[in-house]
Amino acid sequence: MTPSPPGPLRRAAVGGGTALAVLLTGAAGTAAPPAVADTPRLPAVIDVGTLRSPDTLPRPAGALTEAHFVTYQFTVSGRLPGGTPVTGAEITIDTAGAERIAEFRFRPECRVTGTLATCPVAMPDGSGDPETHVPFHIRPRLGTAAGDRGVVTATVSADNARTREETPTGMAVVIGDRDAVVLGGFPDPNTVEVPPGGRATVPFELTNTGARTLDHVALDVDGFDGDTTVALPGDHGNCRYRTKDPADPKSARIGMTCEFTGGLRAGTTYRPSPGLAVAMVGLAEYGRLRFSASTRPATGTGVRGRSAPLTLAPATTPTPPRVPVPADHYTVNQPPVIGVRSGPAADGAAVGTSVRTTVGREVTARVGVANRGGAPLTGPVALVEVPRGVEVVRSDPRCRPEAWSDRWNDAPPPTFGDRPGDAAPLPTGAVHRCADPGALAPGQRWLFSFTLKPTRALDGARGVVFEPALSPYDTAQRAKVAFLTVTATAAATASPSPTPGTVPSATVAPTPSASTTGTVTPVHGAGTGGGPGALASTGSNGAPALAGTAAALAAVGGLLVVSVRRRTTRQRR
């Protein structure tokens, strides 16, 4: 309950209330003891008042429904001096003054006899709110006219207190000609359970409680008090969605405004079709949504949906209202707030890697799936695309080749795909499905090994690793995609055999020039002298290559000469 100001301050803030304080004096015994005969009576501080009620009840037409009931409240407050509690308190509500224009419904514990309803009152113990609230329901009768009015009165009594004045407190009931829509039919208790990592539907109803057909109604659903932990994953064309990151229209949808047209008949209750889906955002397990409906035009902000509209269908069996409970004027007749709960969920994410090797040489790549959620991930799956130009020599025993399909495990497109903004390109190489029947604990990862052999030079060729389960946390599904990147350079050319009689030494081979793609493609012997020990040709004219080789050999010879001279000098010394 929203914190409330103390009783006297609250009644001052209410303003329009018609409270008439009925002071009660402490009840004395039939005869006071002689020793305290001169002691004055203790004044009582208990009174009855009203909370602000609706200005007018909408004049009804068509059929009366449970949604036409509106909550009104009396208040009872006070304690006897010295902290003595007031016991046996009751309030008697007389509806005779408004019986002609309204119907009434009271709490089950109230005794109703004709136009009188007597309800027990649990007086406050002084530790919290100084007032006790006594709510009841009123709805207008069919056939009433705008301006009709009546009055409901109340008096209080108690075992150890009595009223000083017998003047009852009155509350006005007025009928007005105005449009009105009422939301109801929510779960009771007002909490929706969402499966971990899944979605649920919030049931609700909307009733036209006015006297004419409505051509336009707006429904607004938003996080209560700034809550951003509940997502609205729908995509209805007659709704606009507010996203968690206003600059990113693909971020989680945490609010929506939907407009309904087409004529909502007076006295008719409607239900949404399809139901309103909710899910959790991030790692959250609890959040709250506030619902409100209005006949005023909606403010068009947010991302417009692109799929089938959310519609309102007449309900053949409207849900009865919840039994009214004590509530102060900060919450009564306010937009309902619905809690959304979920347990921890698993959240699979793809794990990629990058490997480097040479053409024709095997290399091992380990890719897979990780669990970023808070619950075990059962049967983790990774779909692995090996880039073109790479041969799979051996794959993990848990992996098998699989033909490409644009939908796996009902994952929402696009994930793989070739449309703008997709997380990864359409797979073009061999695809393997890697699965494990076990459960992946939160924070753990399972990797699948592939022995790969490039068949040609590659400069960062990318394959795709994809975890196909729908993520409950990543609405953009970016974490579902990782990459298997392979870089392969050309194999080194064999060096010529050393000349007999010479001493071999380590030399640095010249760096070949890079091609336009950044890879080095081997060129096999063109021109003459293509034997096993021949030098590779670098073009139509072999002179530059021969000249470079001759220079390298001359340098080696020079080093040998210097070495021989130094050894001779040391021997002579």
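**Figure 1. Bridge partner of Arg149 in the predicted model.** In this predicted model, Arg149 has Val174 of strand 12 as its bridge partner. The two strands concerned are strand 10, residues 149-157, and strand 12, residues 169-176; they run antiparallel and are joined by six bridges.

Figure 2. In general, the strands of a sheet pair through backbone hydrogen bonds, in either a parallel or an antiparallel manner.

**Figure 3. The disulfide of Cys110 and Cys119.** This link is one of three disulfides in the structure. The sulfur atoms of Cys110 and Cys119 are 2.0 Å apart. The disulfide is right-handed because the torsion about its S-S bond is about 115°. Both Cys110 and Cys119 are buried. When the bonded cysteines of the chain are numbered in sequence order, the pairing reads 1-2, 3-4, 5-6.

**Figure 4. The disulfide of Cys239 and Cys258.** A distance of 2.0 Å separates the sulfur atoms of Cys239 and Cys258, which form a disulfide. The link is right-handed, with 105° about the S-S bond. Cys239 lies in strand 19 (residues 239-243) and Cys258 in strand 20 (residues 253-264), so the pair ties together parts that are 19 residues apart in sequence. Cys239 counts as buried because its relative accessibility is 0%. Cys258 is likewise buried, its relative accessible area being 0%.

**Figure 5. The disulfide of Cys399 and Cys434.** Cys399 is joined to Cys434 by a disulfide with an S to S distance of 2.0 Å. The torsion about this S-S bond is about 115°, and the disulfide is therefore right-handed. Because Cys399 lies in strand 33 (residues 399-401) and Cys434 in strand 34 (residues 430-435), the pair ties together parts that are 35 residues apart in sequence. Cys399 and Cys434 are both buried.

Figure 6. Ala435 is found in strand 34. With a relative accessible area of 31%, Ala435 is partly exposed, whereas Cys434 is buried. The C-alpha atoms of Ala435 and Cys399 are 6.6 Å apart in space, although the two residues are 36 residues apart in sequence. Beyond its neighbours within four places in sequence, Ala435 is in contact with Pro380, Val381, Arg398 and Phe448.

**Figure 7. Met256 and the nonpolar cores.** The largest nonpolar core has 32 residues, of which Val221, Met256, Val278, Leu289 and Phe291 touch the most other members. With residues up to four places away in sequence not counted, Met256 touches Leu219, Asp220, Val221, Leu232, Cys239, Arg240, Tyr241, Arg242, Leu276 and Leu310. Another core, of 30 residues, lies apart from the largest one and includes Val86, Cys110, Val121 and Val134. Cys110 of this other core is also the disulfide partner of Cys119. Cys239, listed among the residues that Met256 touches, forms a disulfide with Cys258.

Methods. Residues are numbered from 1 along each chain as its sequence is written. This is a predicted model: local features need pLDDT of at least 70, side-chain atom pairs count only at pLDDT 80 or more; totals for chains, interfaces and linings use all residues. Side-chain values use heavy atoms; hydrogens and water are left out. Two strands pair if DSSP finds at least two bridges between them. Helices (H or I, at least four residues) and strands (E, at least two) are DSSP runs, numbered from the N terminus. A disulfide is a pair of cysteine sulfur atoms within 2.5 Å. Buried means under 20% relative accessible area, exposed over 50%, partly exposed in between (1.4 Å probe, protein chains only). Contact means heavy atoms within 4.5 Å. A nonpolar core is a set of buried Ala, Val, Leu, Ile, Met, Phe, Trp, Tyr and Cys residues joined through side-chain atoms within 4.5 Å.
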